[in-house]
Amino acid sequence: MAEREPGLDPIAEDARLASLDERLKQAKSDEAIRTGEARYESEAGSRLASRVLAELIGGMVGGALIGWVLDRLLGTSPWFLLGLLFLGIAAAFRNIFRISARRSK
């Protein structure tokens, strides 16, 4: 019986509020485009991929280069090259795991 009391009917959503919400979303979207924030969100994946690739290549090349130089100086060919190459790869994978463990915004 209490459900049928006057004044307790649910109020329908006002069309003006829905229109205002749509206009606010559009204004926020336009402002993000104007300030350049929307562009950064779309490029986040490609920047992350480039960073991962740079870490991997940099670790391998850096380790191999330092190992090669040490081998040439000390005459221990190819042991420093191989050792530091694998050490560079391990460091690159460690950095990649650290990058992937970060939370996205």
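1. From the N terminus on, the elements of the protein chain run α-α-α-α. That is four helices and zero strands. Helices (H or I, at least four residues) and strands (E, at least two) are DSSP runs, numbered from the N terminus.

2. This is a predicted model: local features need pLDDT of at least 70, side-chain atom pairs count only at pLDDT 80 or more, and totals for chains, interfaces and linings use all residues. Residues are numbered from 1 along each chain as its sequence is written, and side-chain values use heavy atoms, with hydrogens and water left out.

3. Of the 105 residues in the protein chain, 10% are buried (under 20% relative accessible area; exposed is over 50%, partly exposed in between; 1.4 Å probe, protein chains only). The chain exposes about 9,200 Å², with 63% supplied by carbon and sulfur atoms. Areas come from the Shrake-Rupley method with a 1.4 Å probe; for residues, only the protein chains shown count as cover.

4. Asp71 sits in helix H3 (residues 44–74). Asp71 is buried yet has no salt bridge (a side-chain nitrogen of Lys or Arg within 4 Å of a carboxyl oxygen of Asp or Glu). The nearest side chain of opposite charge, Arg72, is 8.9 Å away. Lys and Arg count as positive, Asp and Glu as negative; His and the chain ends are not counted.

5. What does Asp71 contact, leaving aside its neighbours within four places in sequence? Thr76, Ser77, Pro78, Trp79, Phe80 and Leu81. Contact means heavy atoms within 4.5 Å.

6. Arg98 belongs to helix H4 (residues 79–101). Arg98 counts as partly exposed because its relative accessibility is 47%.
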